[in-house]
Amino acid sequence: MRYLIKNGSIIDPARRIATIGNVLVEDGKVTRVIDLADLAMEHQPIADDIEVINARGSVIAPGFIDMHTHVCETGEEHRETIVTATQAAARGGFTTICAMPDTQPPIDHAAMVRQVRQIARRRGAVRIEPLGAITLGRAGQSLTEMAELVEAGCVGFSDNGPLDDPALMRNVLAYAAMLEVPIMCHCEDPRLSRDWAMHEGAVSTRLGLPGYPAAAEELRIARDIALAELTGAHVHICQVSTAGGVALIRAAKERSSRISAEVTPHHLTLTDRWVLGALGPLDQHDNDAPSRRETRSRRRKKTEPGLGLPGWLDPTLLSPFDPNTRVSPPLRGEEDLEALIEGLRDGTIDAIATGHTPLSQADKECAYRLAAPGISGLETALGLVLTLVHRGEMDLVNMVAKLTEGPAGVLGRAPATLRPGAPADITVFDPDHSWTVDPSTFASRGRNTPLAGQKLKGQVMLTLSNGQIIFRRGNFGVGTGALQQASKLEGILGND
Amino acid sequence: MSTATTPKSATTTAAAATDGRRRRQLLDLDDCARAEIADILETAAAMKELLARSIKQAPALRGMNVATLFFGADADTRLSFELAARSLSANVITAGEQGIQRGESLPSIARTLYALGVDLLVVRHDEAGAPYLIAQHFGGGLINGGDGHHAHPTQALANLFTIQQKLSWLDHLKVVIVGDVLHSAVARSMLWGLGTMGAQIVLCAPHTLLGPATFWKAVWPRLTISTDLEECLVKADAVISLPLRNERIQAGLLPSLREYGRFFGLTAERLQRAAPHCLVLHHGPVREGVEMMPDVIATTQAAIADQITNAVAVRMAVLYRLAGG
């Protein structure tokens with residue numbers, strides 16, 4: 001099958017391209033990228049067997065890569081399977097997902113890697129790259145056969161949990177240094193975050209919930225950076241969530257350590273204020289002066305200056321203590337959120353990773369602290385991060401880079417690109433398409449999201465994996481679309 | 001997931017909570033206006049008169065089913081609620097800890113109790129926020145009987161009621177809350193209640209029992225926080241002494257009970273700095289020599305006993321109010 005995706009805004013960060021044009025896909029590969037300035041193409045007759053997809057007003061980008069997905073198969077198929085996870089990925093614009101090894105049994109032997117890859121090849125909608133466990137059974141005792149795991153296809157290692165023994169961590173890094181794959185560190189000192197329910201701050205103080213202080217993350221990041229410098233291994237900091245963590249990573253990168261970092265869409269856009277839900281505002285106002293209260297809430301509605309949130313994301317839609325806001329690491333404070341955005345902008349943080357954690361209803365139907373942490377994130381990731389673009393915090397090209405080139409760089413792969421000859425992993429999204437999050441329509445089995453009922457702007461319209469359409473929203477791209485509005489992207493593409 | 005599929009219910013819950021005219025649930029004092037608190041205390045005064053009679057029962061809740069759902073033992077609070085409900089002639093069901101597993105789904109318990117015809121439900125849970133989850137699945141009236149370290153509105157109202165009864169006013173008070181504030185639901189609910197009544201509030205505790213002061217100030221901006229008890233007590237109208245549990249020593253938050261008693265225990269000498277009418281409140285078994293010294297206990301015993309009666313009266317008032325009275 002051949003496709004001509006027409007008149008979209010082509011964004012290919014790896015080749016520093018942002019232009020309006022057409023992309024031709026043949027035999028699973030990108031064969032031509034035509035800038036609209038090159039009008040010659042317009043006069044060429046289009047062959048009958050080419051399906052023309054009109055992408056006017058949409059962005060054509062390389063397929064996104066999610067380097068932190070919990071797939072749950074094998075072992076917890078009630079939460080998610082390889083089929084549902086890859087379908088959710090396709091709907092979110094991801095054409096490659098890295099499967100965390102916290103399956104049952106964990107991915108700690110080459111046979112497990114082969115099995116996951118085999119199921120994925122046969123039934124998965126998108127590519128799955130397995131991550132291997134650092135220690136056998138993820139128990140934090142003895143090393144897995146890392147070289148053989150890499151040979152079988154592991155692209156990195158993670159225990160998806162803290163590795164407490166610093167001497168063991170040193171050995172892990174020293175051994176992995178020869179393998180040229182990242183060690184993905186879950187940075188939490190569990191002795192400092194014991195019994196945690198949420199981020200330690202004013203909100204946890206008000207709600208009487210035990211806190212997870214930012215220091216519990218920062219201590220571990222500092223330790224793992226020191227050990228990376230000692231061993232020369234590539235340490236990747238998973239899901240950095242604190243301002244202090246960003247500062248440590250920035251300083252390490254300035255010393256040219258082999259450090260990389262990822263951040264999730266929810267840590268970039270939501271704060272601990274979301275745990276309060278409808279219980280707002282945070283501070284005690286004067287009950288007898290409703291006029292003051294009203295003016296305050298009206299002001300917040302417009303710009304949310306005190307929350308660092310775009311006005312259309314509204315935490316008061318949630319009931320207080322909504323277990324869907326519980327995630328590890330927890331949603332942090334406003335200063336942390338701002339530091340994360342700054343870190344993403346200045347390159348301290350390399351990639352956006354969803355941390356997609358599907359959970360069953362039973363996992364969340366309990367008191368807040370006892371609810372399993374996690375957010376089902378693949379299908380809302382783009383809409384969330386685009387709020388930063390719409391707010392002018394980041395330009396669209398850079399944002400696409402953090403979803404494509406960034407994670408590819410961390411994994412040491414050839415950058416995801418639309419270069420002719422590259423495999424046609426393509427995501428087409430409309431950055432201005434408004435939609436309301438309805439978890440019941442998720443492809444993922446995990447319906448656990450704090451975003452139910454929120455309006456997001458920007459949605460994936462079409463996803464191609466290896467030249468095959470694996471997801472298409474409605475009748476996207478059918479017809480000439482001559483009457484449609486011209487691209488509204490110029491304002492948000494950035495200057496380059 | 002309830003909130004995932006019915007985000008509307010969350011907003012209506014919030015709307016009902018802020019609408020003072022017809023309150024269906026009392027989960028904390030953070031949404032109670034001054035007039036409403038005054039109204040509850042007025043009703044409580046009438047209930048207290050009832051409790052002083054020889055026939056301690058009124059027919060206000062006749063034919064209504066009141067259930068107490070307690071996770072975690074707190075016999076005092078349960079007895080107090082059940083006595084309050086019986087004094088108003090309600091049918092009382094005790095949903096015990098034995099029958100309900102800790103891990104059982106709270107929404108399904110709530111739906112079951114509602115289907116059984118429970119009109120008013122009192123919930124106590126060791127985990128903060130549990131009543132808010134139940135609220136989304138329970139159609140009747142709901143009272144938070146204490147959730148973890150978050151809120152204990154009826155106990156806070158009982159404290160306010162006791163202060164009002166003893167001092168006969170509630171305006172321009174200076175109230176000192178001393179002790180384990182960090183792990184106290186009563187303290188948090190007191191902060192809302194006292195703050196709404198316009199009191200000047202001082203928190204006094206070592207920082208292991210308090211956490212960073214900036215967090216408290218962000219929520220309650222008019223709060224004063226200090227570690228110097230003697231300075232805090234100057235001209236105080238009331239002191240609320242919080243119970244200290246042994247776990248705090250075991251968790252390494254304090255070096256010893258003895259040292260805590262020396263620096264944060266109430267003594268007659270220290271209380272001399274307070275106003276002459278100063279009231280000392282405590283809502284639990286008092287530990288002699290730790291939270292307060294024997295000489296203080298001797299002079300305040302009466303108030304502490306009275307507080308227990310007052311708590312029943314306040315709970316009657318709250319039940320009566322939620323039942324639509």
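Figure 1. Strand β14 (residues 259-263) of chain A is mostly covered, as 5 of its 5 residues are buried. A residue counts as buried if 20 or more other C-beta atoms lie within 10 Å of its own, as exposed if 12 or fewer do, and as partly exposed in between, with C-beta atoms placed from the backbone. On one side of β14(A), A:Ile259, A:Ala261 and A:Val263 are buried, and on the other A:Ser260 and A:Glu262 are buried. Strand β13 (residues 235-237) of chain A runs parallel to β14(A), and 3 bridges join the two; strands pair if DSSP finds at least two bridges between them. Within this pair, A:His236 stands opposite A:Ser260. Helices (H or I, at least four residues) and strands (E, at least two) are DSSP runs, numbered from the N terminus. The model is predicted: local features need pLDDT of at least 70 and side-chain atom pairs count only at pLDDT 80 or more, while totals for chains, interfaces and linings use all residues. Residues are numbered from 1 along each chain as its sequence is written, and chains are lettered from A and ligands numbered from 1 in the order in which they are written.

Figure 2. The secondary structure of chain A comes to 16 helices and 18 strands. Of its 496 residues, 58% count as buried. Two residues are in contact if their C-beta atoms, placed from the backbone, lie within 7 Å. Among contacts in chain A between residues at least 6 apart in sequence, 78% join residues at least 24 apart. The mean pLDDT of chain A is 89, and 90% of its residues reach 70 or more; pLDDT is the predictor's confidence in each residue, from 0 to 100. Over residues 288-309 of chain A the pLDDT is below 50, and this stretch has 20 contacts in the model beyond near neighbours in sequence. Residues 481-486 of chain A also have a pLDDT below 50, with 5 contacts beyond near neighbours in sequence.

**Figure 3. Backbone features in loops of chain A.** Most residues other than glycine have a negative phi, and most peptide bonds are trans. A cis peptide bond joins A:Glu73 and A:Thr74, with omega about 10°; A:Thr74 lies in the loop between β6 (64-69) and α2 (82-92) of chain A. The bond from A:Gln104 to A:Pro105 is also cis, with omega near 0°, and A:Pro105 is in the loop between β7 (94-99) and α3 (110-123) of chain A. A:Asn160 has a positive phi, near 45°, and is placed in the loop between β9 (157-158) and α5 (166-176) of chain A. A:Asn160 is buried, because 20 other C-beta atoms lie within 10 Å.

**Figure 4. The contact between chain A and chain B.** The contact takes 38 residues from chain A and 38 residues from chain B. On the side of chain A that touches chain B, the elements giving two or more residues are α6 (202-207) and α13 (361-364) of chain A. Of these, α6(A) gives the most, with 4 residues. By class, this side of chain A has 17 nonpolar, 13 polar and 8 charged residues. Here Ala, Val, Leu, Ile, Met, Phe, Trp, Tyr, Cys and Pro count as nonpolar, Asp, Glu, Lys and Arg as charged, and the others, Gly among them, as polar.

**Figure 5. The two domains of chain B.** Chain B is divided into domain 1 (2-152 + 310-322) and domain 2 (154-307), with bounds that come from an automatic or database domain assignment. The centres of the two domains, taken over C-alpha atoms, are separated by 26 Å. In the contact between them, 25 residues of domain 1 of chain B meet 22 residues of domain 2 of chain B. The elements giving two or more residues to the domain 1 side are α3 (34-52), β5 (141-147) and α14 (294-322) of chain B, and α14(B) gives the most, with 6 residues.

**Figure 6. Helix α7 of chain B.** At 1.5 Å a residue, the 15 residues of helix α7 (residues 153-167) of chain B should span 21 Å, and its end C-alpha atoms are 21 Å apart, which agrees. The expected span is 1.5 Å times one less than the number of residues. Since 12 of the 15 residues of α7(B) are buried, the helix is largely enclosed by the rest of the structure. Just after α7(B), B:Ser168 takes a positive phi of about 60°.
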